[in-house]
Amino acid sequence: MTTPSSHRTSAPEAQAASEGITYSAAGVDTAAGDRAVELMKEAVSATHGPEVLGGIGAFAGLVDVSALKDYRRPLLASSTDGVGTKIAIARALDVHDTIGRDLVGMVVDDIVVVGAKPIAMTDYIACGKVVPELIADIVRGIAEGCREAGCALVGGETAEHPGLMGPEDYDVAGAAVGVVEADRMLGPERVRTGDVVLGMDASGLHSNGYSLVRAVIAAQQLDLDTEIEEFGRTLGREVLEPTRIYAGDVLALLADPTAGAGVHALSHVTGGGLAANLARVIPAGLGACIDRSTWEPAAVFSRIAHWGTVPQLDLEGTLNMGIGMIAVVAPEQADAAARLLTERGLPTRAIGEIRSQDELGAARGPLEHLVAGAKGVEGGAVLMTGQHHGW
């Protein structure tokens, strides 16, 4: 599994020539890397089903994909991502297992968006100094997230970069692969006028916009250990809440012969906010009209806005505002889809509908906001209207 990289470019501290320069003196502790692997082995192995071949420590993870022979035209879906500067919060609180769950959510839920089932994931951790217990905490979190997503954690790497990163610094990234039958792939080409836009609750801030969040906390000199009554816990615990992993619930919806048949597109609300990400799965000529009054963001969003005097449209273009995943569903199946997800413990409701882009019209008023051509995709548009209760 994750072992210290043999590729190093870090400069060692000065050492007398007569003593010689060892790898350890250069700042790389291979024994610590081996200890980290021992601490994480059980958690990683728990994500392996009979389709995973070999054990931890191989050069490559192997997965038996003979089941794909039953597919008529299997398409492989892949995704890679990290968790950004949320790591700074984890370091400040010395809590690191949730970062692993964040990583899984950011990666596998991009795969699910096209209707694919995640199969296997790998991780990469770069750090200034290997602390076995810390690295094992991160990987245990990744393993927990993979189990929840039904995805095997089949390999990874921990690279120690002394001189390039400080002793307490680390960063994480991950990649995953999944599969979908070609004629069941979801996307803009399925979306139709009259489709209902369903919003699935986020667990909190997820893993985007933390440069803004941290800037607000720093500007107000807020203490992460402060209890916030609206949150029911400390500020630090609130902003460290891990990203919700939607894969299991979404795949259950897609497998339902009634509700799942009406799902035309999915959108994972990550960097850029709800409108920009939804616009990516709407075809040219169509648009989504989203009514903010249909849901109420968690208190953390209004607190960030208040503490930092952040303009609402800037907030919406940065954070998920309480909706972490969107489904565009045929009107006949929309109620059944929302009910199935809610009964699984994922609150879901209708937040808008698909119209022709001409029907959307131009934005009127300071809070009516039209987004089109987002994320480099020349697709449809999203019009944000209304206002959240209490804002």
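Which order do the seven strands of the open sheet have? I read 10-12-7-13-11-15-14, with mixed pairing. I took strands (E, at least two residues) and helices (H or I, at least four residues) as DSSP runs, numbered from the N terminus. I counted two strands as paired if DSSP finds at least two bridges between them.

I noted that this is a predicted model, where local features need pLDDT of at least 70, side-chain atom pairs count only at pLDDT 80 or more, and totals for chains, interfaces and linings use all residues. Residues are numbered from 1 along each chain as its sequence is written, and side-chain values use heavy atoms, without hydrogens and water.

I then checked one pair. Strand 11 (286–291) and strand 15 (381–385) run parallel over five bridges. Gly 287 has Ala 381 in strand 15 as its bridge partner.

I looked at helix 11 (331–343) too. It lies across strands 7 (196–201), 12 (323–329) and 13 (348–356), at about 5° to strand 7. Axes are lines fitted to C-alpha atoms, for helices over the stretch in contact (heavy atoms within 4.5 Å). Angles run from 0 to 180 degrees between N-to-C directions.

Last, I found an open sheet of four strands, ordered 3-6-4-5, with mixed pairing. Strand 3 (74–82) and strand 5 (152–160) are at its edges. The twist averages 15° from one strand to the next. Strand 4 (117–127) pairs with strand 5 in the parallel sense over eight bridges. Asp 123 stands opposite Gly 156 in strand 5.
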